[in-house]
Amino acid sequence: MRAVVYRVSRARVLVNTEVVGEIGAGLLVLVGVTHDDGPAQAAWLADKVATLRVFEDADGKMNRSVVESGGGALVVSQFTLYGDTRRGRRPSFVAAARPEQAAPLVAAVAERLGAGGVKTATGRFGAEMTIESAGDGPVTILLDSARSF
């Protein structure tokens, strides 16, 4: 699994004009799934996101996690994280998992974050979504489970 983790002061997801997920300060987590991913990768990703020390402590150092800071996580599926642009100009998405595999794994990330004490919201899998966010920092981290398994 891959994720782009973006520290935000607020973020929300809209489908048409309906807000389907929204957080205040916390992390916007764009999640992509590939064919070899399963529950172990989803658990690893959720645990890594929950414990990343990307929030400032009293001394202004990034020493606090989203859990410690009381922030939220907005988890949004993003198959384009597996876009391959090595050849040509049109990305290939053959490395992205099919929706029937990806949807439960993205949901598992959100569920594990919530179970770990993170206020969690989600987008709507497979929908055309508008994502609005206000970056805080900026702090943007790339995570890839393939480098950890």
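Helix α1 spans residues 39–51 and holds 13 residues. From its first C-alpha to its last it reaches 18 Å, close to the 18 Å expected at 1.5 Å a residue; the expected span is 1.5 Å times one less than the number of residues. Helices (H or I, at least four residues) and strands (E, at least two) are DSSP runs, numbered from the N terminus. The model is predicted: local features need pLDDT of at least 70, side-chain atom pairs count only at pLDDT 80 or more, and totals for chains, interfaces and linings use all residues. Residues are numbered from 1 along each chain as its sequence is written, and side-chain values use heavy atoms, with hydrogens and water left out.

Several residues of α1 are buried, namely Q41, A42, A43, W44, L45, A46, V49 and A50. Buried means under 20% relative accessible area, exposed over 50%, and partly exposed in between (1.4 Å probe, protein chains only). The buried residues of α1 pack against β1 (2–15), β3 (26–32), α2 (66–69), α3 (99–115) and β8 (130–144).

T34 sits in the loop between β3 and α1. T34 is buried, at a relative accessible area of 16%. Its side chain reaches the backbone oxygen of A95 at 2.4 Å. Contact means heavy atoms within 4.5 Å. Beyond its neighbours within four places in sequence, T34 is in contact with Y82, A95, A97 and Q101.

V67 belongs to helix α2. V67 counts as partly exposed because its relative accessibility is 36%. With neighbours within four places in sequence left aside, V67 is in contact with A50, G116 and V118. V67 and L52 lie 15 residues apart in sequence, and their C-alpha atoms are 9.3 Å apart in space. G70 is in the loop between α2 and β6. G70 is also partly exposed, with a relative accessible area of 38%.

The largest pocket has a volume of about 400 Å³. A pocket is an open set of points on a 1 Å grid over the protein atoms alone, where a 1.4 Å probe fits, with protein on both sides within 12 Å along at least five of seven lines; lining residues have an atom within 4 Å of a point. The lining has 21 residues, of which S77, Q78, F79, F125 and G126 lie nearest the centre. β3, β6 (72–77) and α3 each give two or more residues to this lining. The largest share, three residues, comes from α3.

Conventions: Points joined across faces, edges and corners; volume = space filled by probe spheres on them. Polar contact = N/O pair within 3.5 Å; in protein donor to acceptor, adjacent residues only side chain to side chain.
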